[in-house]
Amino acid sequence: MKKIIVVVDMQNDFIDGSLGTKEAQEMLPRLKEKLEKEVASGTVELVFTMDTHGEDYLNTQEGKNLPVKHCIKGSQGWEITPELGEFVKKARAVVEKPAFGSMALPKVLADAEEVELVGLCTDICVISNGLLIKAAYPEMPVSVDASCCAGVTPESHKNALSAMKMCQIKVK
């Protein structure tokens, strides 16, 4: 079975930058360990997503609702955390996305038989991409590893996991 793990927005700004959280920092070692095991098994491929904004971010709808500059293309905060750099080099794709969800992501996953999501933030980009994938491929098993995700708050993380479960995304 061809399994693809989608690593959502593991960028510096969401870990210890402008929108970083303690939960994201604490989750990172677990995610790295998981990817080491999964890649070593030879049974998975990786796809990374990157939240990507321009200097005009504060003038966008998202910027007006969340007026914190983050993931500005080319900045240090936009880069995927160095702890996962070895995995980025092995990834089948890195998908830049200007919004919470990526309409291009399902196309990258067209030959997958199973998809698992990990990363940040559970309650914004992980859930958005999970639902897009499930809508594009309703018969494909889609899961999320709750221990390798973190939300804006612990409560919103749990709420997002509950919502995904209701939409037939398996929560591990």
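Trainee: How many salt bridges does the count come to?

Mentor: Side chains of opposite charge can pair when their charged atoms come close. The rule here is a side-chain nitrogen of Lys or Arg within 4 Å of a carboxyl oxygen of Asp or Glu. By this rule the count is 17 salt bridges. This is a predicted model: local features need pLDDT of at least 70, side-chain atom pairs count only at pLDDT 80 or more, and totals for chains, interfaces and linings use all residues. Residues are numbered from 1 along each chain as its sequence is written, and side-chain values use heavy atoms, with hydrogens and water left out.

Trainee: Which residue forms a salt bridge with Lys-34?

Mentor: Glu-38 does, with the closest N and O atoms 3.8 Å apart. Helices (H or I, at least four residues) and strands (E, at least two) are DSSP runs, numbered from the N terminus. Both Lys-34 and Glu-38 are buried. Buried means under 20% relative accessible area, exposed over 50%, partly exposed in between (1.4 Å probe, protein chains only).

Trainee: Where in the chain are Lys-172 and Glu-116?

Mentor: Their salt bridge has its closest N and O atoms 3.7 Å apart. The pair links distant parts of the chain: Lys-172 is in the segment after β6 (170–171), Glu-116 in strand β4, 56 residues apart. Lys-172 is partly exposed at 43%. Glu-116 is buried at 0%. Both belong to a salt-bridge network that also links Lys-3, Lys-34, Glu-38 and Asp-145.

Trainee: How many residues has the largest nonpolar core?

Mentor: In soluble globular proteins, nonpolar side chains tend to be buried together. A nonpolar core is a set of buried Ala, Val, Leu, Ile, Met, Phe, Trp, Tyr and Cys residues joined through side-chain atoms within 4.5 Å. The largest one has 25 residues; among those with the most contacts inside it are Val-7, Met-10 and Leu-120. Helix α2 gives the most to this core, with 5 residues. A second, separate core of 24 residues includes Val-95 and Leu-117.

Trainee: How many disulfides does the structure hold?

Mentor: A disulfide is a covalent bond between the sulfur atoms of two cysteines. Here the test is a pair of cysteine sulfur atoms within 2.5 Å. The structure holds 0 disulfides.
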